[in-house]
Amino acid sequence: QGQLVESGGGLVQAGGSLRLSCAASGRTFSTYDMDMGWFRQVPGKEREFVAGIRWNGANTDVADSVKGRFTISRDNNARNTVYLQMKSLRPEDTAVYYCGAMAAAAVTTAQWASAGNYDYWGQGTQVTVSS
């Protein structure tokens, strides 16, 4: 069974930066040809789309709430790791951040925004931004 593992979360002051990583785990599981996304979730709310990236890195998209502050990228030479660079962090960015992978590439990038379109998820990493 494929699994994703996120890392890089932590406690940071407002205005600070963090970089989250997400890598495939397991001998045979690979996300090389999978579109991937980052979501975040706070207690009592639905999982919220943050950013998505095409399997080959050719296209990316970020939510309006993080545009200009967050960047998604991937390195398919490094265990197919996907990164979320977060800058100018705000207290409202506090959440558990999850990465997801789609077994079949999205037909349109709009599909990245729906959590139901993802087949694999990581366990999440906590990001806490203090004011």
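Leaving aside neighbours within four places in sequence, which residues is Tyr 97 in contact with? Some notes on that and related points follow.

1. First, the ground rules. This is a predicted model, where local features need pLDDT of at least 70, side-chain atom pairs count only at pLDDT 80 or more, and totals for chains, interfaces and linings use all residues. Residues are numbered from 1 along each chain as its sequence is written, and side-chain values use heavy atoms, with hydrogens and water left out.

2. Back to Tyr 97: its contacts (heavy atoms within 4.5 Å) are Glu 6, Leu 20, Trp 38, Phe 39, Arg 40, Val 50, Phe 70, Leu 84, Met 86, Gly 124, Thr 125 and Val 127, with neighbours within four places in sequence set aside.

3. Tyr 97 also belongs to the largest nonpolar core, a set of 34 residues in which Trp 38, Val 50, Phe 70, Leu 84, Met 86 and Tyr 97 have the most contacts. Such a core consists of buried Ala, Val, Leu, Ile, Met, Phe, Trp, Tyr and Cys residues joined through side-chain atoms within 4.5 Å; buried means under 20% relative accessible area, with a 1.4 Å probe and protein chains only.

4. On to the strands (DSSP runs of E, at least two residues, numbered from the N terminus). An open, antiparallel sheet has four of them in the order β1-β3-β8-β7, where pairing requires at least two DSSP bridges. Its edge strands are β1 (3-7) and β7 (70-75).

5. Inside that sheet, β3 (residues 18-25) and β8 (residues 81-86) are joined by five bridges, and Ser 21 stands opposite Tyr 83 in β8.

Technical notes: Helices (H or I, at least four residues) and strands (E, at least two) are DSSP runs, numbered from the N terminus. Buried means under 20% relative accessible area, exposed over 50%, partly exposed in between (1.4 Å probe, protein chains only).
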